[in-house]
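Dear colleague,

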Amino acid sequence: MPLPRLLMVVTGDDFGYCPRRNQGIVDCFLAGGISNVSLLVNASAAKEAADLAGRHKIPIGLHANLSEGTPVYQHLQQISTLVNPQGFFHGKMGFRQALEKGQLSMNQVELELRAQVRRFIELTGHLPHHMDGHQHVHVLPDVREVFAQVLSDVRIPFTRVPIEPGLHNCPWVPAHLHTFYMDVEKDALDSIPIFKHYGIRWPDVYLGLSTMGQNMSVSSLQRALKQALGTRTSSTISRRAPGLHQPVITAELMVHPGYPSHPDEGGCGEGPDDFSQSTEREHELNMLRSPSVLELYCQEGVQLCGFRDL
């Protein structure tokens, strides 16, 4: 087998969201379509997901959640800056708006992040191999400092820095999503010196925003891989294949495979969202495990792995 040019972690996000998401993610892993999962510990099927990861030896990390459902830390579930009057997190955009207005307590953010790490350990029996943020909350101003401190304290070595090469030139991404992604990218760029200060690592390249849902195809994945292979390696992870003068590039591809959620089953306390009930999750599942995508990996010299293999 030729030496790999790209070591890629393919992470199935939102593990634990509902039984159908769990089943789709496991099916995708067993078919070779993903190599890693990220667990929502406050989701309705988190215990089942953790058990499945253990049974199938799926590398697993923590998908820290501050925006959907209810807090894990019990004292924050009723009266805190992180929840609305109904006891739920403020939502993807609501969290950002409250943060911008200075309405969120970073002490409470820290309490909740540490509680989610503890819940992860209770569910799996070990520390997360990596920790990222649901809806990219971990790179937001103020939150990123707390997030980095928690990772450093508990010695979680890897995170995600969502800066996708070539994303500026993806006309198929809807305008409202493109604007959101550009905001995420700016926050991620500003997070880099903070994450470096705390000794946190991440792959050389992040992929996945341009290939979400119906936008995932052999051609869009091939384009993303070529963008990754054209990237110079950073100093966060140093890998060099024997006999090669150039380092092996490392990457993470964020994906969301699964079967559509039933309307009354799943979520993090408020029921499943529209994306989870749509066919887009199953489209990703079918693409990721298709022979044409697996053949593409072989052609491009891509070797799938987990964070602990980097």
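A search of the whole structure finds 1 cavity of 30 Å³ or more (a set of points on a 1 Å grid over the protein atoms alone where a 1.4 Å probe fits but cannot get out). The largest cavity holds about 40 Å³ of space, a volume being the space filled by probe spheres set on points joined across faces, edges and corners. Its lining (residues with an atom within 4 Å of a point) consists of Thr 159, Arg 160, Val 161, Trp 202, Pro 203, Val 205, Tyr 206 and Glu 252.

This is a predicted model, in which local features need pLDDT of at least 70 and side-chain atom pairs count only at pLDDT 80 or more, while totals for chains, interfaces and linings use all residues. Residues are numbered from 1 along each chain as its sequence is written, and side-chain values use heavy atoms, leaving out hydrogens and water.

The largest pocket (an open set with protein on both sides within 12 Å along at least five of seven lines) has a volume of about 530 Å³. Of its 27 lining residues, Lys 92, Tyr 181, Met 212, His 256 and Phe 275 lie nearest the centre. The second largest pocket contains about 250 Å³ of space, and Met 93, Arg 96 and Phe 180 are among the residues lining it.

Finally, Leu 221 and Leu 225 are among the residues of α7 that meet α10, where Val 293 and Leu 296 are among the partners (contact means heavy atoms within 4.5 Å; helices are DSSP runs of H or I, at least four residues, numbered from the N terminus).

With kind regards

Key: Helices (H or I, at least four residues) and strands (E, at least two) are DSSP runs, numbered from the N terminus.
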